Amino acid sequence: MNSFDYIRPATVAEAIAAAAEPGSAFLAAGTNLIDMMKTGALRPYRLVDLTHLPGLSDVEWLADGGVRIGALVRNADLAHDPEFASRFPAVAEALLSGASAQLRNAATVGGNLMQRTRCRHFADPASACNRRVPGSGCDAIGGETRTCAILGHSEACVATHPSDFCVPLAALDAVVEIAGPTGTREVPLEDFHLLPGDRPMLETMLEPGDLITGLRLAGDAAAFSAHSRYLKLRDRTSYAFALVSAAACLTIEAGEITAARIALGGVAAKPWRAKAAERLLIGAAPGPEPFWRAAEAALADATPVGGPDGDNAFKIALAGRIVTRALKAAAAGTPARIPALPGSVHVANGDPAHA
Amino acid sequence: MTYTIHLTLNGTPREISLDDPRVTLLDLLRERVGLTGAKKGCDRGQCGACTVLVDGRRINSCLALAVSLDGADVTTIEGLAEGDSLHPVQEAFIAHDGLQCGFCTPGQIMSAVGLIAEGQTDGDPERVRECMSGNLCRCGAYAGITEAVLDVQQQMSETEQGRKRA
Ligand SMILES: Cc1cc2nc3c(=O)[nH]c(=O)nc-3n(C[C@H](O)[C@H](O)[C@H](O)COP(=O)(O)OP(=O)(O)OC[C@H]3O[C@@H](n4cnc5c(N)ncnc54)[C@H](O)[C@@H]3O)c2cc1C
Ligand code: FES
Ligand code: FES
């Protein structure tokens, strides 16, 4: 790890001023930043510690039934907040399907949004990576692409965003609150992460010094609470990132779908909202046929990296199936309690969750 | 530059001066204060061998910067037993053969103590396995580990019921 200066600001304004200097990075729990600094992928020379700042660790209920989540709220605390889990069950399930209990205890909401891709070439300074070093090339393209993006990728970068949490947040129109050198503003989570295009080093719309202060979910997002799931397919049962995942949230009245929200994870450099798929479901009776049509619409533009036979072509079929499966699970109703293995497709079959 | 931090380590308040902010909590414990119980398996958050409690919560000490934890209360495996009497989770790991080589064990035990305090698993072996998934065991002692956790939870709920009856 390179050496760095450690700064512990007393106020948000001091934090923003300190981080606006080139080469600075905010430090939250460090579960992603310190990891990436250990590999040498990231080499900030100044860390601005957010964890002692006041006022960023609260979950506040809003008059409209929505919620404001401070950027330093820990992933586990949010997921285990009973009120939060009952109003936004897919978000709680996504949080609990990610990482491990230890990591969730540490990880913050802001850090989860800002975590970097798990593409191994990004983490490895000996690899070419346009995201890490602009113009250096991409060792994933032409190499092993099994876990790479199927949507929104470019010739410069095929990395995915690894967060589970962000997937239902995108589905439910979460808003990110930002404070920066020029004041405060807010951005829909859907617009927060950027697709790579020819500038993959730009990962989010944050400018130097910009601090995420919190996240908001509006009260109308809680209208989906009776039919909300997050399902995730991974290479091992637990403590693994998603190969593909989907959040599905429905409202159903008199046997008819009246509103639908769908987003996919593990497929692109951002959580992928599927609005065309949502529209197809309005007015339909829940069932395999409309669910499969919605899944096809969600993946209509998907392409494997390196042509039709690319290593990650299987992810297109897999993503279609996880969307269908998540819709089916959502239609069946949110379980009274988050399943023993959150986000798993196994438990519903009565199979043991852990082999 | 040196950074002075205050930690409570296994109940004892300590003032620690760090000549380098790069020191993780794990390296501080192992290399600087002689508490080598927490193990360094991967140093990347991927194995759980370094699990300790910070302010009563289990975390991976390999990914936490010590300087950032100024003011925290840290409990390691060395802080569990009272003199010669082992903590109930330590007893249960022995009773249920929850270990072979023992390398992962301090992390497993600290994780189990954290899990019990979190109170999310209520006697369901599936939930225990899921909530212990952040601790890998290369010897594969998982079956005994799960039984040990369930056993301690069972004992605790019996004591609790006994107390209510009394
Ligand atoms: C082994 C392992 C497995 C994991 N598995 C999963 C998984 O399955 N699913 C999943 O979703 N995640 C997973 N994670 C990732 C984990 O969720 C993230 O590491 C964590 O959420 C990051 O939060 P943090 O507080 O530690 O952030 P840090 O590491 O402190 O920061 C991460 C980044 O965010 C920036 N940042 C932090 N807070 C702010 C803020 N308020 N404003 C602006 N920038 C900020 C930092 O500068 C840094 O660039 C895993 C991690 C590990 C190590
Ligand atoms: S040493 Fe910390 S998780 Fe492996
Ligand atoms: S007992 Fe050997 S690694 Fe777990």
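This report walks through a predicted two-chain model, taking each chain, then the interface, then a few local spots.

## Ground rules

Residues are numbered from 1 along each chain as its sequence is written, while chains are lettered from A and ligands numbered from 1 in the order in which they are written. Since this is a predicted model, local features need pLDDT of at least 70 and side-chain atom pairs count only at pLDDT 80 or more, with totals for chains, interfaces and linings using all residues; side-chain values use heavy atoms, with hydrogens and water left out.

## Chain A

Chain A has 13 helices and 12 strands, with helices (H or I, at least four residues) and strands (E, at least two) being DSSP runs numbered from the N terminus. Its C-alpha trace spans about 60 × 50 × 40 Å along the principal axes. The radius of gyration is 20 Å, which agrees with the value near 20 Å for a compact globule of 355 residues; that rule is 2.2 Å times the number of residues to the power 0.38, and the radius is taken over C-alpha atoms.

Of those 355 residues, 59% are buried, meaning under 20% relative accessible area, with exposed being over 50% and partly exposed in between (1.4 Å probe, protein chains only). If you look at contacts (heavy atoms within 4.5 Å) between residues at least 6 apart in sequence, 65% of them join residues at least 24 apart. The accessible surface is about 13,600 Å², and carbon and sulfur atoms hold 53% of that; such areas come from the Shrake-Rupley method with a 1.4 Å probe, and for residues only the protein chains shown count as cover.

On the charge side, chain A carries 32 positive and 37 negative charges, with mean positions 4 Å apart. Lys and Arg count as positive and Asp and Glu as negative, leaving out His and the chain ends, and each charge is placed at NZ of Lys, CZ of Arg, CG of Asp or CD of Glu.

## Chain B

Chain B comes to 5 helices and 5 strands, running β-β-α-β-β-β-α-α-α-α along the sequence. Its C-alpha atoms fill a box of roughly 55 × 40 × 30 Å. For 166 residues a compact globule would come out near 15 Å, and the 16 Å radius of gyration of chain B agrees.

Here 51% of the residues count as buried, and 56% of the contacts between residues at least 6 apart in sequence link residues at least 24 apart. The accessible surface is about 7,600 Å², 48% of it from carbon and sulfur atoms. There are 15 positive and 23 negative side chains, and the centres of the two sets sit 4 Å apart.

## The interface

Where the chains meet, 43 residues of chain A are in contact with 37 residues of chain B. About 3,200 Å² is buried between them, with carbon and sulfur atoms giving 46%; this is the accessible area (1.4 Å probe) that two parts lose on being put together, summed over both. On the chain A side, A:Gln102, A:Tyr239 and A:Arg337 lose the most area to chain B, together 21% of what that side buries.

## Local spots

In α5(A), 8 of 8 residues are buried, among them A:Pro89, A:Glu93 and A:Leu96. A:Ala99 is found in the loop between α5 (89-96) and α6 (101-106) of chain A. A:Ala99 has a positive phi of about 55° without being a glycine, and is partly exposed at 32% relative accessible area.
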